[in-house]
Amino acid sequence: MTENEHERDDPRVPRGWARHPPERMLITPLIAGVGGLIAFFVVVFVVVWLPIHTFDPAASADWTPLTKDAVKGRNLFASNGCYVCHSGYSRPQDVRYALYFLYPKVSQPGDFFGSDQTPNLLGTERTGPDLSQESGWHPDDWQRAHFYDPRYMDPLSLMPSMKSLFSDSQVEQLVTYVETRSGKSGLLRYAGQLYAKHIVLVNQGFPEPYRGFQGAHKPALEGNDKILHPPKGQLEEAPNLSQIDRGYWLSGNPLPVTQQNLLRGKEVFLDRCVGCHGVDGDGKGPGASFLSPTPADFTDKDDACCGGDTGPGDFYYRILRGWPGTAMENFGDRLSVDDIWRVVLFLKTIPNDTLDKNVVPEPSDYIKWQPSKELLAWVKSTQKLENNVSFSKAEFADPYIQEAMRIFPGLAPGDSFLVNDGKTRLSLRDAASGIKTIYDDLLNRAWADARERDGKLPSVAQKAIPPTVPGQQ
Amino acid sequence: MAVRTDVTPEETRAPLTERAARPSPFPDQAARHWFLSAIVWLTVVDLFGLVLATEFVTPEAFGGISWLSFSRVRPSHVNGVILAWLTMMYFGALFYMLPRLVGTRGMWSERLGVWCAWAWNVMYALGVIGLLTGHSQGREYGEFIWPVDILLLVIWCVNIVNILATVQMRTIRPIYVSVWFFIASPIWLAVDYAIGNVIWDPGKIWSAPSGALTNSLSDAILNWWYAHNLFGLWLTPMLLAITYYIVPRVTNTPLYSYTLSLISFWGMAFFYTGVGDHHILQSPTPAWLKTIAEVSSWMLLVPVFAFTINILGTMKGNWDKFFTNLPLRFTLTAFFFYFLVNIQGAFEALQPFNRLTHFTNFVVAHAHLALLGAFTILGMGVIDYMVAQVYQRPLFSRSLTEWQYWLVTVGFTGFFSVLTLAGFQQGFSWAQGIPEVNVLPQLHAYYIARGIFGAMIVVSGIIQIVNIGLTMFTDTAERRRLETLRVAEAVAPPVGG
C-alpha cells in the first residue's frame with residue numbers, strides 16, 4: 001500500500017483534495033519547455049524590452065560626437081578588451097573635490113547619446129582608473145609613451161604594454177579617442193592642453209613630439225636655443241612661471257631638511273619619477289625620447305636644478321598640479337602634501353649623486369636655493385603677488401578664460417608679454433581665444449564627421465551650449 | 001575453514017561480479033566526446049587564468065607577445081570557462097543522464113551529438129583565435145565575433161533538437177526534475193544568447209562594433225541581462241539538474257521533496273531572468289530597473305533555499321557517503337559553494353554594499369565562487385563519476401582523485417579568500433579617495449598569493465586529465481581485481497603457498 005492509498009483510507013483526510021501534489025503539479029515536457037519560455041519572456045518584456053523602448057535620454061549639454069579617427073580608436077579600445085580594466089562611467093561617490101581631477105563630474109545618461117557610443121564600454125572592473133573623464137589631463141606625447149610601455153610614465157602601473165598590439169596609426173587613433181571621449185568639458189581641457197603644448201614648445205625651442213611609437217626608435221629630441229630671442233628686460237623664466245600660481249614663486253620649504261625627509265623623497269622619486277627623469281635624475285628615462293619638451297634634468301649643480309628663477313615652491317606646484325603642455329603629470333591626489341615637499345627637498349640633492357645605489361642622502365647634500373636678482377626685480381616690477389588670478393577668479397564666467405587660468409595660473413588678467421621666441425604673445429585673453437579656436441575646431445570636425453556618419457544628432461542648439469569646467473570652480 | 005587451492009586460471013580471470021561483465025546498454029558516444037573535450041579545455045582555460053594571474057604580478061612577464069596581452073587573454077579565459085569547459089561538461093553530463101532518466105538506450109542521435117562536440121571544439125578554437133588576435137565584439141561575456149556566434153547557435157539548436165527528440169521517445173512517461181531543466185535550460189540559453197548578442201545586427205562582423213544595440217545604455221542593459229543569464233539560465237539550472245541526479249543516485253535515496261523542486265524550477269525561471277542590471281547599479285540607467293534587479297536578486301534566495309533544503313533532506317542519514325564517495329564529495333562541495341555564492345550575490349546586489357565592492361576584486365572573487373567553486377568542482381566530480389560508469393571500471397587511482405579534490409578545494413578557497421580581502425582593501429581605499437594606482441602596491445602580495453592558489457587549481461585539472469587518461473587506456477577493473485586477490489592471498493595464503 002503506497003502512502004497515497006493510505007491517505008485515501010484515512011477517515012481523517014477528507015476525500016476530494018487528498019491527491020498527492022505530484023499528481024496535480026505534474027510537469028510534462030511541454031510545460032517545462034513552453035511554460036519555462038513564457039516565464040522567461042514575461043520577465044524579458046519587463047527588464048529588456050521595456051527599458052530599451054522607453055529609455056532614450058536626450059543628449060546632455062556636455063555631450064559631443066566623436067570624429068572619424070576617434071571612432072576607429074574606440075573600436076580598437078573595444079576589440080582589444082581595454083574595458084576589462086577601465087570602466088567607462090564615473091559614479092557619484094567617485095567625484096572627489098580633491099586636487100587630482102580624474103573624476104571631475106558624474107556621468108549623466110545623456111553623455112552616452114549617439115550611434116558612435118556602441119558597443120557600450122561601461123565595464124565592471126577598475127584595475128586601472130575610469131577613463132570616462134580622461135580627456136585632456138595628459139598631452140598626446142604622454143599618451144603615446146604610456147601606450148608603448150605604461151611603466152615609462154608610471155612605474156607602478158600594471159597595464160600591459162601595447163607595443164606589439166598597435167601600429168603607429170592605430171596608436172594615433174587611440175590617442176584621439178582617449179583625448180576626445182569626455183564630452184565638451186573634456187574637449188575644452190584637451191584644447192587647453194594643446195594650446196599649452198604650443199606655448200611650451202615655442203617658448204623652449206622644441207620641435208613637435210614624434211608621432212605613433214616612433215619615439216621608441218629615435219633619439220631624444222633637443223631644444224634649439226638659436227631660434228629663441230627673449231624680449232629684452234624680460235625675465236627669461238617668465239613664460240614658464242606663468243604656469244605656476246605666483247603664490248609659490250618665492251616660497252621656501254615648509255619641511256626641515258632632515259635625513260628622514262630626504263630619504264622618503266628619494267623613495268617616492270624612485271617609485272614614481274624615474275620613467276621620465278631617469279634613475280640618474282638626468283631627464284633621460286626610458287620614456288624621455290617620446291616627449292617634447294624632454295623631461296627636466298636635475299643633475300646640474302650650478303643652477304641647482306633649473307636655475308635661480310625656479311624655487312622649491314615652483315617644483316612643489318608642478319608636482320601638485322602638473323605642467324600642462326609638458327608630460328609632467330598632476331600628482332596632487334597620489335602623493336600627500338608632505339611627500340611632495342620631501343621630493344622637492346630630495347631633488348635639490350641630486351647633483352650630489354644622492355641617486356646612486358645605497359646612498360642615503362644627507363642634509364649636507366642639499367643645495368639651498370637663492371632667488372636670483374632678476375626674479376626679485378621681475379616680481380617687484382611686473383607681476384605683483386596681489387594680482388594673483390586666484391584672487392579674482394570669480395569675475396570670469398567665460399569657460400575659455402577659466403581654462404586659460406587653469407593652464408596659466410601665474411598670469412594676472414592684465415599681464416601681456418612675448419614668450420621666448422620673441423613673437424608669440426602670452427596673456428589670458430590670447431590664451432582664451434587660442435583655446436576657443438582649438439575647441440571650436442575639434443567640435444566642428446566631430447560634428448562634420450558625425451553628420452557624414454548619418455548618426456542621430458541633437459539639434460544644433462546643443463552644439464552651441466558652451467563647455468563647462470567641472471571641478472575647477 | 002579450509003581454503004580452496006584448486007582455483008583454475010579461467011576462474012581467476014573471471015570478473016568479480018556478473019554485472020561487471022555485461023556490456024553497457026548505453027552507447028554514451030556523445031557524452032564521451034563532450035566531457036573528454038571539456039577536461040582538455042579546462043586545463044587550457046586554467047592556463048589562460050594563470051597567464052592573467054602572472055601578469056597581475058609582473059605585467060612584463062610575456063612582454064612583446066601581442067596574443068598573450070592581458071586584455072585579450074582575459075576575454076578568452078572568461079568565454080573559455082563558460083563556453084568551452086563548463087558548457088561541454090554540462091552537455092556531456094546531459095547526454096549521459098538524459099537517456100538514463102527517460103528510459104531510452106542512448107540519445108535520439110548519438111552520432112549527431114558527436115558531430116556537435118567536434119563542431120563545438122572548432123567553434124571555441126575559432127572564437128579564441130579571434131580574441132587573441134584582437135577580433136572581438138568588445139561586449140563583456142559576448143566577445144565572440146558574429147560568425148562564431150552563429151556557429152555556436154546552430155550547434156546549440158541541433159543539441160536542443162537532439163534533447164527534445166530523446167525526450168519525445170521516452171519510455172518513462174513522468175519526467176524527473178533534472179529533465180525539466182534539461183528541456184528548459186538549453187532553450188532559455190539559445191534565446192538569451194541570440195537576443196543578448198544582437199545577432200540580427202552583424203555590423204562590422206570581424207570586430208567591434210558588431211552585435212550591439214546602437215543606444216549605448218540600452219546596449220549595456222541588454223549586455224548585462226544577457227551576461228547574467230549565462231549563469232542564471234544555463235550554468236545554474238544545469239548545476240541544479242546534475243545535483244538532483246547525482247545526490248539521489250549515489251546515495252540511493254529518493255529526492256526529498258517534489259514540491260520543493262517545483263519551487264526551485266519556477267523560482268529560477270522568474271527571478272533569475274531579471275537580475276542582470278545589478279552589474280551596473282551605479283551607472284546612469286533607470287532606477288526602476290535597478291530596483292527590479294535588487295529585488296529579484298533577493299527573491300532568488302527562495303528557489304535557492306528550496307533547492308538547498310531539498311538536497312539536505314535527501315542527504316539526511318547519508319552523510320557517511322560524503323566521506324567515502326568522491327563524486328558525491330565534489331558535488332556537495334560545489335553545492336555548498338553554490339549556496340554561498342547566492343547569499344553573497346544577494347548582498348552584492350544591494351546599493352550600499354555595491355557602492356563599496358563594485359569594480360573591485362571582490363566581484364572577481366564572487367565570479368570565481370560561482371564558476372570555480374560551484375560549477376567547476378561539480379564538473380570535476382561529474383566527470384569522475386561518468387567516466388567510471390561509461391567505461392565500466394573504477395578510476396585509475398583514488399589517491400589521484402583525492403589529490404585532485406584537495407588541490408582544487410584548497411586552491412579555490414585560498415584564491416577566493418585572497419581576492420575577497422583584496423576587494424575590501426580596494427573598496428575601502430577608494431572610499432577614502434585614494435586613487436586606483438596608489439592601491440596597486442598594496443595588492444601585490446594578494447596577487448602573488450592568488451597566482452600560487454591558481455597554480456594549485458591548474459595542477460588539479462592536469463591530475464584529472466592524467467587520471468582519466470590512465471583509466472581509459474588501462475584495464476583498471478582487471479588491475480583492481482588482481483590487487484584484491486593479492487590482498488586476499490596475503491590475508492589468507494593458499495595452503496602450502
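In this predicted model, 64 residues of chain A are in contact with 74 residues of chain B. The side of chain A that touches chain B draws at least two residues from each of α2 (21-24), α3 (29-54) and α4 of chain A.

**Composition of the chain A side**
- The greatest contribution to the side of chain A that touches chain B comes from α3(A), with 14 residues.
- By class, this side of chain A comprises 36 nonpolar, 19 polar and nine charged residues.

**Helix α4 of chain A**
- Helix α4(A) spans residues 68-79, and its 12 residues reach 17 Å from the first C-alpha to the last, close to the expected 16 Å.
- Nine of the 12 residues of α4(A) are buried, so this helix is largely enclosed by the rest of the structure.
- The buried residues include V71(A), N75(A), A78(A) and S79(A).
- Just after α4(A), G81(A) adopts a positive phi of about 75°.

**Packing of α4(A) against α7(A)**
- The buried residues of α4(A) pack against α7 (168-180) of chain A.
- The two helices, α4(A) and α7(A), pack at an angle of about 100°, and their axes are 7 Å apart.
- Because angles of 65 to 115 degrees count as roughly perpendicular, α4(A) and α7(A) are described as roughly perpendicular to each other.
- Among the residues that meet are D69(A), K72(A), R74(A) and F77(A) in α4(A), and Q170(A), L174(A) and Y177(A) in α7(A).
- By class, the contact of α4(A) with α7(A) has five nonpolar, five polar and three charged residues.

Definitions and conventions
Residues numbered from 1 in each chain as written. Chains lettered and ligands numbered in written order. Predicted model: local features only at pLDDT ≥ 70, side-chain atom pairs only at ≥ 80, totals over all residues. Helix = DSSP H or I, 4+ residues; strand = E, 2+ residues; numbered from the N terminus. Expected span 1.5 Å × (residues − 1). Buried ≥ 20, exposed ≤ 12 C-beta atoms within 10 Å, placed from the backbone. Contact = placed C-beta atoms within 7 Å. Nonpolar A, V, L, I, M, F, W, Y, C, P; charged D, E, K, R; others polar. Axes fitted to C-alpha atoms, helices over the stretch in contact; angles between N-to-C directions. Parallel < 35°, antiparallel > 145°, perpendicular 65-115°, else oblique.
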